[in-house]
Amino acid sequence: MTAPTPASTRPAPTPATAAPVTPALVKRHHWIVRLTHWATFVLLVGMIGSGLQIYTAYARFGERGGPYYINPFQDREFPRSIRLGGWLAGGLNWHFTLMWPFIAAGLFYLSYLVVSGEWRSLLFRPRDIRGAIEMQKYYLRLRKEHPAQGKHNPLQKLAYTFIIFLGVLSVLTGFAIYKPTQLAWLTALFGGFQAARYWHFWAVWFFTAFLVVHVILVFVVDPASLRAMITGWYRGRFPSHD
Amino acid sequence: MIDRRGLLRLAAGAGPASLVAACGWDGGNAIRPALLDVSRLNDWVGEKILFSAHRLAPQYPVSERTAHLPSYFISPMTPMLKDPATWRLLVTGLVRRPVSLSLDDLKALPRTTYTVKHHCVEGWSAIATWHGVPVSTIVERCEPLPEARFIRFVSFDSDYSNGWDLASAMHPQTILAYGMNDNPLPPAHGAPLRLYSPTKLGYKLTKYLVSMTFTAQRPGGYWEDQGYPWFGGV
């Protein structure tokens, strides 16, 4: 289990006369984590942009003639400014190009998590449920002090575990609609070609929602984590390690 | 605090992403050729790794057929033969025995029937029944030369054509279809004869056929030459 954060590094309120406590500078992210983090961000933007271009060619889900799946974007065209590829073939070629580095970055990152053992500080497990509730209480101001945490708090673990799961799901549903005949077993696993398309499309909105919340929390809760994701070094409120 | 160096590095990452996203781009002259190179690589992956010469596409009960299958052609009006009686399918190119087949010749050959899902590159899918002669039957009759590696299928729909790898053409479910949903093939779907296979996207399935030519060089195609994936396998 995680050792509690040493009191000296906590952002404890200091008397106005005392010198402010400077948090320790700690190494936070391995270069593989930083590289794959930013690569995934850029590639994901490209995957989503080209995906929305492809979606424009047939903006609904379900076999021809219906019934169609519930979709607030049915028959809608996304703005040209957020589409990538210009037309269907362009969108496909971007999508089927970026998918390889996207998959490679994901596998590189997952391999790092496994080899380094860092998956332990990232994977949300049943024992994190209680801590997640405490964190939620803190965010809802039902509890005053920030609960003690390791490298990531239980809600972060939940979010990062979910986003890795979402990445895997988007790649698998992608293959299911890329080769629905050769990989018919995979397509069937997702409920068929149109259902797999549907889940592939929903992954976009989960990624987008994650991105928005992720960026807001970085700036609101822990701005120092942005520098840590760029340089690897962290000087801020939560310097402890697992 | 974000230091200046960090900010620059962030900008270096986010800059290209937002630039690309803002343009609605097909990559421009700088990137498009690279995308097409990767598309060639994907053709190779599709043909050599993911495609199986023996794996059959799932079949569906007739009751699941789609009521209306959209019709696609590039001519301004539905392509129709002036004199259907004189129509022939010309099988030529790198073969020992070029043949010319009438519709009756084709109907006299063993018939394959299946009800399968059609996958369009646009993203829609529909189920229909098709019947016709396996392409492999024709290939056996015309005896291709060893150097023949591709087949070029040509139509009378404004010269619409497609190039196929031999392995996909020889797949047991790749047929020259003269019937759809238990009826003769309608003009909207490629009468009198079209290529059909549940292993390819719709744009690879040449309608209004007039010839199939065996080649050593990879033939282009109407959409393929404009940037669509050449292999187009599903």
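**Entry 1: the A/B interface**

I looked up contacts between the chains, taking contact as heavy atoms within 4.5 Å: 40 residues of chain A touch 52 residues of chain B. The model is predicted, so I note that local features need pLDDT of at least 70 and side-chain atom pairs pLDDT 80 or more, while totals for chains, interfaces and linings use all residues. Residues are numbered from 1 along each chain as its sequence is written, chains are lettered from A in the order in which they are written, and side-chain values use heavy atoms, without hydrogens and water.

The area buried between chain A and chain B is about 3900 Å², with 62% from carbon and sulfur atoms; buried area is the accessible area (1.4 Å probe) that the two parts lose on being put together, summed over both. On the chain A side, R64(A), T181(A) and Q182(A) lose the most area to chain B, together 19% of what that side buries.

**Entry 2: polar pairs and make-up**

I searched for salt bridges (a Lys or Arg side-chain nitrogen within 4 Å of an Asp or Glu carboxyl oxygen). The count between the chains is one, and I found E63(A) and K117(B) meeting in a salt bridge at 2.8 Å, N to O.

For polar contacts I used N or O pairs within 3.5 Å, one atom able to donate a hydrogen and the other to accept it; residues adjacent in sequence count only if both atoms are side-chain atoms. The interface has 14 such residue pairs, both residues at pLDDT 80 or more. The largest share, nine residues, comes from α2(A).

**Entry 3: cores**

I took a nonpolar core as buried Ala, Val, Leu, Ile, Met, Phe, Trp, Tyr and Cys residues joined through side-chain atoms within 4.5 Å, where buried means under 20% relative accessible area (1.4 Å probe, protein chains only). The largest core has 92 residues, and W130(B), L176(B) and F214(B) are among those touching the most other members. Its largest share, twelve residues, comes from α2(A). A second, separate core of six residues includes V26(A) and F238(A).

**Entry 4: S50(A)**

Is S50(A) buried or exposed? S50(A) counts as buried because its relative accessibility is 0%. I located S50(A) in helix α1 of chain A. Its side chain makes a polar contact with the side chain of H95(A) at 2.9 Å and reaches the backbone oxygen of M47(A) at 3.2 Å. Beyond four places in sequence, S50(A) is in contact with L84(A), G91(A), W94(A) and H95(A).

Notes:
Helices (H or I, at least four residues) and strands (E, at least two) are DSSP runs, numbered from the N terminus. Buried means under 20% relative accessible area, exposed over 50%, partly exposed in between (1.4 Å probe, protein chains only).
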